Amino acid sequence: MSQTVYENKSSNPGCLVRFLWFLFIGIPIGLPWTIIAWVFMITIVGLPVGLWMINLLPQITTLRFKRTETVVSNQGGQTVVSTHDIKQRPFLIRALYFIVIGFWFSLVWLILAWVLALVTLGFGLPFAFWMFDQAAAVTTLARH
């Protein structure tokens with residue numbers, strides 16, 4: 001059985017559309033979204049909701065969608081194509097990272113991202129967009 005794995009580049013909108021989205025929707029919705037997510041992460045009961053919100057942060061703030069993998073394999077003479085999310089690290093490693101580092105580091109990371117986005121008069125936007133895209137990875141080592 002031969003197998004080929006392709007990483008799909010998400011069909012994200014162009015830079016201009018993402019910038020306009022951030023300006024008119026990402027800031028008014030994304031900043032409160034970030035604060036609410038972090039408040040949820042402080043509580044045990046709200047932790048799953050907070051992590052889910054952090055995972056959606058790139059889409060909410062900068063219109064960046066998750067990447068997927070396409071696997072093409074040959075099984076019994078037939079070509080089988082399947083698409084799925086990128087494989088994640090083991091849960092215990094991600095949980096331990098979150099407890100020791102990710103919880104507090106994500107707060108620092110997101111504050112810096114918002115400062116870059118709002119205070120640098122637009123010059124820090126490319127770096128801030130990248131930081132928003134990496135928020136889930138910084139919080140829980142999630143692969144997007």
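A salt bridge is taken here as a side-chain nitrogen of Lys or Arg within 4 Å of a carboxyl oxygen of Asp or Glu. By this criterion, R18, R64 and D133 are linked in a network of salt bridges. The structure is a predicted model, in which local features need pLDDT of at least 70 and side-chain atom pairs count only at pLDDT 80 or more, whereas totals for chains, interfaces and linings use all residues. Residues are numbered from 1 along each chain as its sequence is written, and side-chain values use heavy atoms, with hydrogens and water left out.

The chain contains 5 helices and 3 strands, where helices (H or I, at least four residues) and strands (E, at least two) are DSSP runs numbered from the N terminus. Their order from the N terminus is β-α-α-β-β-α-α-α. The C-alpha trace spans about 55 × 40 × 20 Å along its principal axes. Contacts are defined by heavy atoms within 4.5 Å; of those with a separation of 6 or more, 68% join residues 24 or more positions apart. The accessible surface, calculated by the Shrake-Rupley method with a 1.4 Å probe, for residues with only the protein chains shown as cover, amounts to about 8,800 Å², and 73% of this surface belongs to carbon and sulfur atoms.

The structure holds 2 salt bridges. In one of them, D133 pairs with R18, the closest N and O atoms lying 3.8 Å apart. Because D133 is in helix α4 (residues 125-133) and R18 in helix α1 (residues 15-42), this pair ties together parts that are 115 residues apart in sequence. A salt bridge also joins the side chains of R64 and D133, at 3.7 Å from N to O. Since R64 lies in the loop between α2 (47-62) and β2 (68-75), whereas D133 belongs to helix α4, the pair connects parts that are 69 residues apart in sequence. Residues were classed as buried under 20% relative accessible area, exposed over 50%, and partly exposed in between (1.4 Å probe, protein chains only). D133 is buried, as is R18; the relative accessibility of D133 is 15%. R64, at 28%, is partly exposed.

Of the 144 residues in the chain, 34% are buried. A nonpolar core is a set of buried Ala, Val, Leu, Ile, Met, Phe, Trp, Tyr and Cys residues joined through side-chain atoms within 4.5 Å. The largest such core has 22 residues, of which F22, I54, L57, L110, A117 and F132 touch the most other members. Two or more residues of this core come from each of α1, α2, α3, α4 and α5 (135-140), and α3 supplies the largest share, 6 residues. Leaving aside residues up to four places away in sequence, F22 touches I27, P28, T61, T62, W114, A117, L125, F129 and F132.

Helix α3 (residues 91-119) also includes W104, which counts as partly exposed at 47% relative accessibility. Together with L96, I99, V100, I101, V108 and L112, W104 makes a nonpolar surface patch of about 680 Å². Patches consist of residues with over 30% relative accessible area and no salt bridge, like charges being joined within 9 Å and nonpolar side chains (Val, Leu, Ile, Met, Phe, Trp, Tyr) within 5 Å.

Strands are considered paired if DSSP finds at least two bridges between them. β2 and strand β3 (residues 78-85) pair in the antiparallel sense over 8 bridges, with S73 opposite V80 in β3. In this hairpin, which has 2 residues between the strands, G76 adopts a positive phi near 60°.
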